[in-house]
Amino acid sequence: MPLEAHREVPMEMDARDKKAQGLAGFNKVITTKRIKQTLIRSAWMFFISLAIFSCLPENKTTTTRDRAQGSDGNGQVEPVNSGYGRLLDDNPIILSGQYNLSPNTNLNRYLGGQELLVLDQYLNLDCQINEEAPLVSQCIRVKQDQNTPQLNRPNAKWAFDTKRNEFLEVNTFGHMKRIQKLYFDVLNQKYQKTWEQLDPHYESSIPMETISSTHIWNSQRSLWGYANCDLVNNASFSPATFSICMGRDSDYETVRWAQDSTIIYHEMGHALNHITFNLRNNVNPDIPYQTNLGSLFYDEGNSIEEGIADFASYLMNGRTHLGEWAMGRFNNASRPMSEDDGIHIPGIDTTAAGRLSYPTYVTYDPNFPDDPLEDVHFAGQIISHYLVALTQDLEKYCEVENEKARKKTLALIIESLSELGDLGAKGRDFNLEGHINHSADHSFEWIRINNPVNFRSFAQSMARSVKSIIVDNPLNQCQYTLDDHEKLLDSYGLLLFRTYNESGNHKDYGHLHSNTHVATLNRAQTVLISKDLLKLSPEQNASEAFVFDNRSDMISATQSMKSAGQITEISSLIESDLPYNNGNGRISPGEVFGITPNLYNDSNSMMGGVQVLANDWDHFKWTDTHQDRPYTKGRPCNHLDGFPSQSLGGADTSGETGENPGECKYTTRQNGHEFGEQLAPICLVQINDDDATKWAGQNELRERLQLEKNRCLGGEDSPNDCFMRAIKGADQAFFSHIAPKKTWAQTVSNEGESPKFNISNLIFMEVSPWVPPGTIFKCRYRARFTNCNDCFHDPKTDGLDFLDFEYSGGRPFKIINLQFTVID
Amino acid sequence: MNHFKKISFLSFTLFLTVLIINQNKEEKKDEPVEQSWTTFYIDQSQEVKSYESTPEELDKIASGETKAPARIPASKKEPQEKSSHYPTSYQVKDKQKKQLVSRLLSFQEKGTKILIKPEKTIHKKVGDQVNIYEKVIITYLFENNIKGFHSFNALIDQDTGKIVRTWNQSIHEPLRGHRSKRELTPTGTL
């Protein structure tokens with residue numbers, strides 16, 4: 001039955017109805033006598049009503065929440081006191097105990113006892129971390145959707161029939177409020193321990209301004225909850241407009257996602273992740289922007305984001321499954337968070353060998369286990385399962401109730417995200433800038449592409465948090481040891497680091513202090529692989545890369561990435577209808593094309609989280625450093641992979657010590673901004689002299705062609721990528737995993753099927769229409785993967801992490817050279 | 001009886017007063033925040049045009065800043081075109097602004113609009129000089145009425161009108177089989 005049909009028999013007339021009736025009354029012509037009569041009658045009615053209502057029994061209000069059933073025997077909603085409302089405490093499947101619950105079930109019978117929501121006449125909530133903290137006014141506001149005004153209830157009674165849309169608003173508000181309160185409670189505890197000296201052993205990444213600044217709550221903005229959005233089989237969180245949207249089922253009009261509290265918690269999980277990841281940024285006046293976990297359709301940052309958002313449901317209800325009603329009942333898309341969930345395939349269990357381990361299960365969909373898919377929600381299950389298992393460990397070793405253990409895990413997550421997302425590049429108040437994320441000037445790019453949060457950095461950060469907050473803290477009285485946690489991480493394939501990296505990644509001090517080393521014996525299942533075993537496919541007749549230049553595909557992909565904000569600037573030389581994109585699989589002047597290296601895993605273990613970078617990096621030796629920037633004359637460095645040899649145009653590196661800026665062997669400490677250093681675009685061009693052929697920067701070709709600088713792809717300020725360049729924002733590709741002795745394409749496709757490429761598998765590049773046909777380019781992509789032994793650990797040290805500046809260069813990467821000829 | 005009438009009348013007056021206060025309270029809360037979204041589009045002569053975003057457009061982009069329908073006048077005025085003025089904080093120069101909008105709308109289907117809301121002017125020291133940026137929210141609005149839930153923040157260089165970075169892209173929960181078609185097919189190999 002359509003939801004709107006039930007609106008004809010409202011349980012209570014709401015303020016909007018009353019207002020409409022009142023306005024109609026004013027249109028009547030009435031005499032003075034009738035006014036008097038009306039006034040007297042109204043006064044009488046008023047007193048009679050007062051008398052009647054004063055005689056009605058009051059509902060019990062001694063506790064904030066009353067667990068009594070919220071409906072009578074006929075399925076009608078019981079009234080509530082002012083300020084109170086009734087929610088579905090869990091989703092209808094769980095409340096009913098029926099996994100095949102009808103979409104037309106009267107959900108009133110599952111309503112909970114009355115609960116204090118808000119005394120205001122609107123669903124607006126003010127938040128406060130503690131009594132001393134300033135009030136964040138209207139931190140949460142809820143309305144039905146974007147097209148309706150906020151529900152106005154002058155009597156502040158929030159009990160509605162579950163068939164009414166108003167109920168969706170109340171349910172959304174109530175659950176948003178519950179998780180917000182819990183989050184502030186935990187944040188306040190952390191603050192008290194860290195900054196009020198309640199726990200002298202406690203060190204934390206949360207900033208000192210946590211209490212004093214209202215900016216903690218996303219710079220004082222209201223988080224909007226839209227309870228009944230026009231989204232089909234979907235929900236969303238928009239950090240820009242700071243809103244969550246709860247959609248509806250495609251087949252059953254009565255099934256709304258806001259009826260499922262686990263999905264509300266999931267979306268709120270995103271909102272709280274966003275606040276936490278930017279906890280330090282929001283109170284830092286020098287950081288006028290924010291950052292996000294993940295930047296692509298598929299990458300590990302976004303997978304971690306989804307995993308923690310799933311955990312938010314467990315945090316609130318202690319159940320290890322979410323979305324049974326909204327996603328599971330009619331779409332087979334609910335998700336588990338523990339290996340002992342019956343939905344899992346045989347072989348997955350809670351033993352160390354049976355965990356949902358990385359990277360084996362990154363594409364595992366428990367609802368369709370035979371059809372793997374690169375999707376952040378599926379990869380995120382590894383994180384949610386780990387977080388639940390960690391909570392259960394804390395419950396056991398700290399001898400606390402599960403509810404308290406869940407809060408402890410949330411405190412650890414806050415600790416890690418707050419540190420990892422710090423654009424001020426400190427991680428903690430008393431650290432030096434550069435301790436994490438390179439520097440304040442370059443941290444945004446570090447988090448986006450140079451060193452984004454992945455499963456390794458998240459696991460390492462969680463390990464640091466467990467060590468400092470749980471293991472090393474005597475006040476915790478937990479018997480949990482580093483070995484226990486390392487073994488747990490290992491069972492998830494997440495023991496991907498060799499040290500806890502307490503000393504950080506500062507360019508000067510990163511390796512000067514001591515770091516806790518992981519016990520090697522604890523790494524039983526996590527495999528670390530040499531980066532050299534990632535290579536282009538060596539198989540006979542295998543191609544080096546896939547090319548995508550179909551016109552409609554490229555227009556569609558560009559539209560999608562632009563409207564999502566992933567890319568913003570396409571060269572003005574590229575016509576927007578892409579007339580030169582001919583779909584011939586070759587690279588032509590004036591095209592936008594996608595490229596995917598045909599990567600091969602030559603090891604005997606699964607590789608996970610393969611990232612290919614096409615952003616500028618330090619691989620040129622500039623010779624015109626006495627000129628103003630940009631430097632344009634120089635030679636490509638060859639000290640990493642021998643290409644190009646000096647005879648083919650490569651730089652002379654003899655006599656270099658690696659100590660002096662300007663040398664090939666010196667990696668820029670300031671991401672190309674110190675004297676003598678400048679990053680270079682990835683693509684070199686072949687230049688034919690009368691007597692020799694050499695590889696050079698693109699400006700050299702421009703000068704030979706006598707092409708004006710303003711005819712370069714990036715305009716006159718960008719002569720070094722004049723003819724061919726990666727589009728910023730689409731300058732990296734990501735692959736979930738590559739099976740041993742296989743390519744990625746062979747890994748993700750079923751036998752006999754073609755692989756399904758999505759936007760995040762491609763690097764998008766643009767070609768100038770001024771490129772002479774026949775020109776040969778060689779582009780030097782950098783690649784790495786998460787379970788790599790020497791992509792994050794500096795081989796020159798005893799397992800220490802690379803310092804952040806190294807990610808401007810080539811040492812932590814496998815260089816993938818792809819050569820192609822531009823043809824007309 | 002007269003005495004009773006007086007009491008009744010006074011009580012009723014009190015009752016009305018409370019009602020009016022409540023009503024005023026409601027109206028105050030329902031007031032939209034200062035209108036600051038601007039809609040941009042390219043007209044048939046390929047000119048960039050703009051006007052103050054309409055409530056309907058704000059509804060579609062989930063801005064959270066919609067006017068209550070009851071408060072929208074029955075006879076709606078056509079959106080007023082702006083020649084060159086913008087909300088006071090939006091200082092990107094006219095020429096650069098038009099170029100920015102052209103770039104943002106390039107590749108999009110005809111009829112697509114973008115809505116921009118300026119949030120803050122930012123002075124940032126880069127090397128020896130201070131650059132001025134505008135922090136804005138950008139949202140695309142598609143003609144086929146697909147809800148524009150793809151909002152993001154952007155930092156715009158005030159001098160050049162170029163976007164220097166974007167962040168805060170929307171997160172969706174598309175179910176398997178319901179996700180938008182993003183699959184791409186290679187046309188060739190190297």
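Where does A:Ser808 lie in chain A? I looked, and A:Ser808 sits in the loop between S23 and strand S24 (814-821) of chain A.

**Ground rules.** I noted that this is a predicted model, where local features need pLDDT of at least 70, side-chain atom pairs count only at pLDDT 80 or more, and totals for chains, interfaces and linings use all residues. Residues are numbered from 1 along each chain as its sequence is written, chains are lettered from A and ligands numbered from 1 in the order in which they are written, and side-chain values use heavy atoms, with hydrogens and water left out.

**Confidence.** I found an average pLDDT (the predictor's confidence in each residue, from 0 to 100) of 90 for chain A. Over residues 1-35 of chain A, pLDDT stays under 50. I remind myself that where pLDDT is low, the predicted coordinates should not be read in detail.

**A:Ser808.** I checked burial next: A:Ser808 is buried, with a relative accessible area of 1%. Buried means under 20% relative accessible area (1.4 Å probe, protein chains only). Leaving aside neighbours within four places in sequence, its contacts (heavy atoms within 4.5 Å) include A:Trp446 and A:Asn450.

**Helix H11.** I then followed those two names: A:Trp446 and A:Asn450 are among the buried residues of H11(A). Helices (H or I, at least four residues) and strands (E, at least two) are DSSP runs, numbered from the N terminus. In H11 (residues 443-450), eight of its eight residues are buried. They pack against several elements, including helix H5 (261-277) of chain A and strand S6 (163-167) of chain B.

Key: Buried < 20%, exposed > 50% of the residue type's maximum accessible area, 1.4 Å probe, protein only.
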